[in-house]
Amino acid sequence: MSLTNNIVLIGFMASGKSSIGRLLAQKTDRYFIDSDNLIESFLNKKISDIFETNGEEYFRQKEQHCLDWMVESLKNSVISTGGGMPIYSNGIKKLGKVVFLNADFEVIKKRLENDKESNRPLIKDLSLTKAIYDQRVLKYNSLADIAVDANQSMQDILQQIENS
Ligand code: S3P
C-alpha cells in the first residue's frame, strides 16, 4: 500500500467506479472522492456543460489540475476517477494503489443504454464508444497495480479488491 493509503479506481465509463468506490470506502473506513464531482465543484458547472461550452481540451486541462490537487491533498481515500483521467492526465500512479475495474464492453453497453439520464458527453454513438474502449483497456491494464473482473456482482468485486 502506498504512503497515501489511497485506493484509485480506474476504468471505462459505467464500469462501476462510483458505486464500488462508495461501498469500498465505507467498508475500509476511507473517504470517498469522485474526480468528476470535484471538477464540477471547482468550476461550479456540470461535466456536460463544461464539454458543451468550453470543449473537451479545456476539460482535460481541468482534469490534470484536479489530479495534481488530489496527489497533493488526499490520503486515506477511495478515489473514483473519470474514465479519461488515466488516459489524458499524467501522474495517476502517484495518487495511490491503482485498481482497474475491467468490465466487458457488452456489460458496459447495457449499463449505458439503461442510464440515459447521466448525460455523458462522450456517449453519442456506441460504435465509436467501442473503438475508444478497445484503445483504453490496454492503457488501463498497463497502469493498474491490480485488475479486477468487474462483470461480477458488487460483493464479488469488493471481495476481489479486499483480497488483493
Ligand atoms: C469521460 C468519463 C466521464 C467524465 C467525462 C469524460 C471519459 O466519467 O469524466 O464525461 O473520457 O471517459 P465517468 O467515467 O465517471 O463516466
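Visitor: How do you know that the reach of helix H7 is close to what is expected for its 18 residues?
Guide: In this predicted model, H7 covers residues 126-143 and reaches 25 Å from its first C-alpha to its last.

Visitor: Where does H7 bend, and by how much?
Guide: H7 bends at Arg-136, by about 25 degrees. The bend is the angle between axes fitted to the seven residues ending there and the seven starting there.

Visitor: Which residues of H7 are buried, and what covers them?
Guide: Thr-129, Tyr-133, Arg-136, Val-137, Tyr-140 and Leu-143 are buried. An α-helix has 3.6 residues a turn, so residues three or four places apart point the same way. The cover over the buried residues of H7 includes strands S1 and S4, together with helices H4, H5 and H6.

Visitor: What makes Arg-136 one of the residues that come nearest to the ligand?
Guide: The ligand has 13 residues around it, and Arg-136 is listed with Lys-17, Asp-36, Arg-60 and Arg-120 as coming nearest. A polar side-chain atom of Arg-136 lies 2.6 Å from an oxygen atom of the ligand. The cut-off for a polar contact is 3.5 Å, so the pair at 2.6 Å qualifies.

Visitor: What other N or O atoms lie within that cut-off of a ligand oxygen?
Guide: The side chain of Lys-17 has an N or O atom 2.6 Å from an oxygen atom of the ligand. Gly-83 contributes a backbone N or O atom, 2.8 Å from a ligand oxygen.

Visitor: Why is Met-70 called buried?
Guide: Buried means under 20% relative accessible area. Met-70 has 0% relative accessibility, so the term applies. Met-70 is found in helix H4. Leaving aside neighbours within four places in sequence, Met-70 is in contact with Ile-33, Ser-35, Leu-38, Ile-79, Met-85 and Leu-95.

Visitor: Why are S1 and S3 called paired strands?
Guide: Pairing requires at least two bridges. S1 (residues 7-10) and S3 (residues 77-80) have three, so they pair, and they do so in the parallel sense. Ile-7 stands opposite Val-78, and Leu-9 stands opposite Ser-80.

Visitor: Which way do the residues of S1 and S3 point, and are they buried or exposed?
Guide: Ile-7 and Leu-9 point one way from S1, with Val-8 and Ile-10 pointing the other way, and all are buried. From S3, Ser-77 and Ile-79 point one way and Val-78 and Ser-80 the other, and all are buried.

Visitor: Why is Asn-5 called partly exposed, while Ala-14 is called buried?
Guide: Asn-5, in the segment before S1, has 27% relative accessibility, which falls between 20% and 50%, so the term is partly exposed. Ala-14, in the loop between S1 and helix H1, has 14%, which is under 20%, so Ala-14 counts as buried. Asn-5 has a positive phi near 65 degrees though it is not glycine, and the phi of Ala-14, also a non-glycine residue, is positive at about 65 degrees.

Technical notes: Residues numbered from 1 in each chain as written. Predicted model: local features only at pLDDT ≥ 70, side-chain atom pairs only at ≥ 80, totals over all residues. Heavy atoms only, no water. Buried < 20%, exposed > 50% of the residue type's maximum accessible area, 1.4 Å probe, protein only. Helix = DSSP H or I, 4+ residues; strand = E, 2+ residues; numbered from the N terminus. Expected span 1.5 Å × (residues − 1). Contact = heavy atoms within 4.5 Å. Near = heavy atom within 4 Å. Polar contact = N/O pair within 3.5 Å; in protein donor to acceptor, adjacent residues only side chain to side chain.
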